[in-house]
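This report covers strand pairing and helix packing in one protein model. The structure is shown first and the description follows.

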Amino acid sequence: MILVIGGGIAGSAAALALHRAGFEVTVHEAHPVTGADIGAFLTLASNGIHALDQIGAAEAVSGVGFPLTGMRAVDAGGARSPSVPLGSPGRKLTRYRCVRRADLGSALQREVRRRGIPVRHGARLAAVAEGRRGVTAVFADGSSAHGDYLVGADGLGSATRAHLAPGVRPQYAGQYVFYGYTADAGLADAEGETLTMIRGSRADFGHLRSPAGETYWFARVRGPAAARDAIATHPPRAWRDRLLPLVAGDRTRAADIVAATERELRVTNALHLPRGVRWRGRRTVLIGDAAHAASPATGQGASMAMEDAVILAKALRDAQGAPEGLARYERHRRPRVERNIGMSHMRTASGPPERVVVSSARGWPRSPQRALSQLDDALRRLLDWDTPLPA
Ligand SMILES: Cc1cc2nc3c(=O)[nH]c(=O)nc-3n(C[C@H](O)[C@H](O)[C@H](O)COP(=O)(O)OP(=O)(O)OC[C@H]3O[C@@H](n4cnc5c(N)ncnc54)[C@H](O)[C@@H]3O)c2cc1C
């Protein structure tokens with residue numbers, strides 16, 4: 001029996017992958033009904049969707065959100081690059097999707113339940129005891145569960161990580177992030193399926209348009225972290241008024257979009273984990289944000305969590321014994337996910353936003369989001385369900 005702690009993106013994907021590999025799995029999720037919903041919306045990149053496909057779950061998320069087929073850059077003066085493709089246009093499974101995080105989580109959880117994997121809600125992990133014969137998870141309500149192994153997929157504030165690496169906490173990455181939705185931004189139809197990334201003079205800004213005509217947008221602003229009580233109590237209008245002067249000086253659509261946002265606007269601090277965090281004990285292992293949360297600039301957190309799920313399941317399936325399986329998982333994952341933390345941090349780090357000269361699409365292949373989502377032969381082999389995971 002494998003206990004998966006956390007029924008979010010990483011936990012649900014891991015449950016599906018481990019179940020497919022033949023393990024008995026139960027999911028223990030703290031939230032009483034669904035899962036946490038922080039982060040509003042996200043882009044799911046080709047690599048994440050490809051990973052889900054390996055465990056037969058790509059179909060389960062194909063109905064949530066909408067496809068994103070291109071990306072263009074705009075500078076503070078309003079100069080635009082041509083749109084460059086995201087994923088390979090002809091291949092459905094390499095298409096990016098923009099999804100509300102809660103919808104993605106619900107779709108994955110539905111698939112977990114459809115496959116008959118038990119999910120226990122309201123089960124908040126409080127402590128872990130590892131022994132020779134197994135591992136015991138103790139929950140905040142006093143209940144407990146016993147298994148052979150425990151997978152900590154309990155996100156940024158992971159209680160599993162507190163057991164494995166006491167004292168390691170997420171750190172502020174140097175940007176706070178605004179998320180908003182508005183139906184009134186007046187963007188033309190031509191904006192559909194294209195993510196526009198604006199390198200503004202005081203904020204990085206992204207926007208895209210849903211098929212229903214809603215504009216989804218975010219702004220990343222460098223500076224001291226937003227105060228917790230302000231995040232919890234300031235109304236959307238107060239945040240909007242704080243952001244407007246930071247985008248108003250640029251010759252872009254950002255100010256119009258922000259001004260048109262009345263109600264759906266929230267703010268969060270970008271956090272990341274240091275590299276080198278201890279990921280595993282004798283019977284316990286971390287995946288997803290619990291192991292390697294990165295600041296959001298590369299937009300790869302969810303996709304990396306899905307890759308983790310596939311590679312963990314393959315590692316446990318293919319290794320001689322679980323200790324070797326857990327070690328194999330870490331060997332294959334750590335370099336890639338820590339590269340994501342590093343690349344994201346480079347883009348997030350303090351200082352004025354970098355200047356981009358937008359004259360052609362030539363600069364884009366080095367965009368970190370696209371670089372990390374490339375399905376090269378090595379990554380394909382690692383993710384391919386039928387290819388054994390090398391030692
Ligand atoms: C502002 C922001 C923007 C982002 N943008 C993108 C993007 O564009 N693309 C992208 O791919 N990623 C993005 N991400 C990252 C992405 O949201 C995360 O990487 C992803 O959600 C990680 O999934 P997870 O399952 O590891 O963690 P989570 O989604 O946080 O799930 C953890 C689950 O564990 C549960 N839990 C927590 N503690 C306990 C406990 N003690 N016991 C039991 N259960 C527990 C929670 O309720 C939750 O359901 C963004 C993140 C942020 C904050």
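## Sheet and helix packing

An open sheet of mixed pairing is formed by seven strands, in the order β6-β5-β14-β15-β16-β13-β17. At its edges are β6 (84–85) and β17 (265–272), each of which pairs on one side only. The model is predicted: local features need pLDDT of at least 70, side-chain atom pairs count only at pLDDT 80 or more, and totals for chains, interfaces and linings use all residues. Residues are numbered from 1 along each chain as its sequence is written, and side-chain values use heavy atoms, with hydrogens and water left out.

Helices (H or I, at least four residues) and strands (E, at least two) are DSSP runs, numbered from the N terminus. Two strands pair if DSSP finds at least two bridges between them.

A two-residue hairpin links β9 to β10.

Helix α11 (residues 322–348) lies across β13, β14 (194–199), β16 and β17, at about 80 degrees to β13. Axes are lines fitted to C-alpha atoms, for helices over the stretch in contact, and angles run from 0 to 180 degrees between N-to-C directions. Contact means heavy atoms within 4.5 Å.

The axes of helix α2 (residues 46–54) and helix α10 (residues 301–318) come within 8 Å and cross at roughly 30 degrees. Therefore α2 is roughly parallel to α10 (angles under 35 degrees count as such). N47, G48, A51, L52 and Q54 of α2 meet S303, M304, M306, E307 and V310 of α10.

Note on methods:
Parallel < 35°, antiparallel > 145°, perpendicular 65-115°, else oblique.
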